[in-house]
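These are my notebook entries on a structure that I am looking at for the first time. I set down what I looked up, entry by entry.

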Amino acid sequence: MNEEMIKKAKETKTVEELIALANENDIELTEELAKEYFERLHATGELADDELENVSGGGCRTVDGWEAMAYTKKRDCPTCQQRTTHKVFVKWGYGYKYQCKKCGNEDIEIGPTVKPGIII
């Protein structure tokens, strides 16, 4: 997710608007996850203990430095040549990795990534 998408997500007024935004951008988002993200995007006040732990570097599901994101994205797979659902992983400051759920291909997209909640 890029900065422009995060900005648009923060501008949503309801969970339904957040789901619609995700769908417009080929991002699969369950209602449960949408509620969680909406609350995080519109949170005020102090961080909960688990949120603070995630920001400080703990609580992440990582493999070889790649953190699994809690959403999937539909995109064209360069291996099976189909528009399929991909698991999304991120290596902060490096880029995104997408794993095709159909054929298992992993495709890396190098580019700037900024951890949510970090102001630069």
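**Entry 1: conventions**

I note that this is a predicted model, in which local features need pLDDT of at least 70 and side-chain atom pairs count only at pLDDT 80 or more, while totals for chains, interfaces and linings use all residues. Residues are numbered from 1 along each chain as its sequence is written, and side-chain values use heavy atoms, with hydrogens and water left out.

I started with Thr84, which I found in strand β4 (residues 83-91). Strands here are DSSP runs of E with at least two residues, helices are runs of H or I with at least four, and both are numbered from the N terminus. Is Thr84 buried or exposed? Thr84 is buried, because its relative accessible area is 10%; buried means under 20%, exposed means over 50%, and partly exposed lies in between, with a 1.4 Å probe and protein chains only.

I then listed what Thr84 touches, leaving out residues up to four places away in sequence: Lys73, Lys74, Arg75, Cys77, Cys100 and Lys102. Contact here means heavy atoms within 4.5 Å.

Next I looked up the partner of β4. Strand β5 (residues 95-100) runs antiparallel to β4, and 6 bridges join them; two strands pair if DSSP finds at least two bridges between them. Which residue of β5 is the bridge partner of Phe89? That partner is Lys97. The hairpin of β4 and β5 has 3 residues between the strands, and Gly93 takes a positive phi near 85 degrees there.

**Entry 2: cysteines**

I searched for disulfides, each being a pair of cysteine sulfur atoms within 2.5 Å. The count comes to 0. Cys100 is in no disulfide either, and its nearest cysteine sulfur, that of Cys103, is 3.8 Å away.

I also checked burial. Cys77 has a relative accessible area of 2% and is therefore buried. Cys100 counts as buried at 3% relative accessibility.

**Entry 3: rings**

I found 1 aromatic pair in the structure. The rings of Tyr96 and Tyr98 have their centres 6.4 Å apart and their planes at 25 degrees, so the pair is stacked. For Phe, Tyr and Trp (its six-membered ring), rings pair if their centres lie within 6.5 Å; planes under 30 degrees apart count as stacked, over 60 as edge-to-face and the rest as tilted.

Tyr96 is buried at a relative accessible area of 9%, and Tyr98 counts as buried at 6%. I also noted that Arg75 lies over the face of Tyr98, at 3.8 Å from the ring centre. A charge sits over a ring if NZ of Lys or CZ of Arg is within 6 Å of the ring centre and within 35 degrees of the ring normal.

**Entry 4: salt bridges**

How many salt bridges does the structure hold? I recorded 6, each a side-chain nitrogen of Lys or Arg within 4 Å of a carboxyl oxygen of Asp or Glu.

One of them joins Glu109 and Arg75 at 3.7 Å, N to O. Glu109 lies in strand β6 (residues 106-110) and Arg75 in strand β3 (residues 66-76), so this pair ties together parts that are 34 residues apart in sequence. Glu109 is partly exposed at 39%, whereas Arg75 is buried at 14%.

Another salt bridge joins Glu31 and Lys35 at 3.6 Å, N to O. Both residues lie in helix α3 (residues 31-41), 4 residues apart, about one turn of the helix. Glu31 counts as partly exposed at 47%, and Lys35 is partly exposed at 41%.

I also noted a salt bridge between Arg83 and Asp76 at 3.4 Å, N to O. Asp26, Asp76 and Arg83 are linked in a network of salt bridges. Arg83 is partly exposed, with a relative accessible area of 46%.

**Entry 5: Glu28**

Glu28 is partly exposed at 32%. With residues up to four places away left out, Glu28 touches Tyr71, Thr72, Lys74 and Thr85. From C-alpha to C-alpha, Glu28 and Lys74 are 7.3 Å apart in space, although they are 46 residues apart in sequence.
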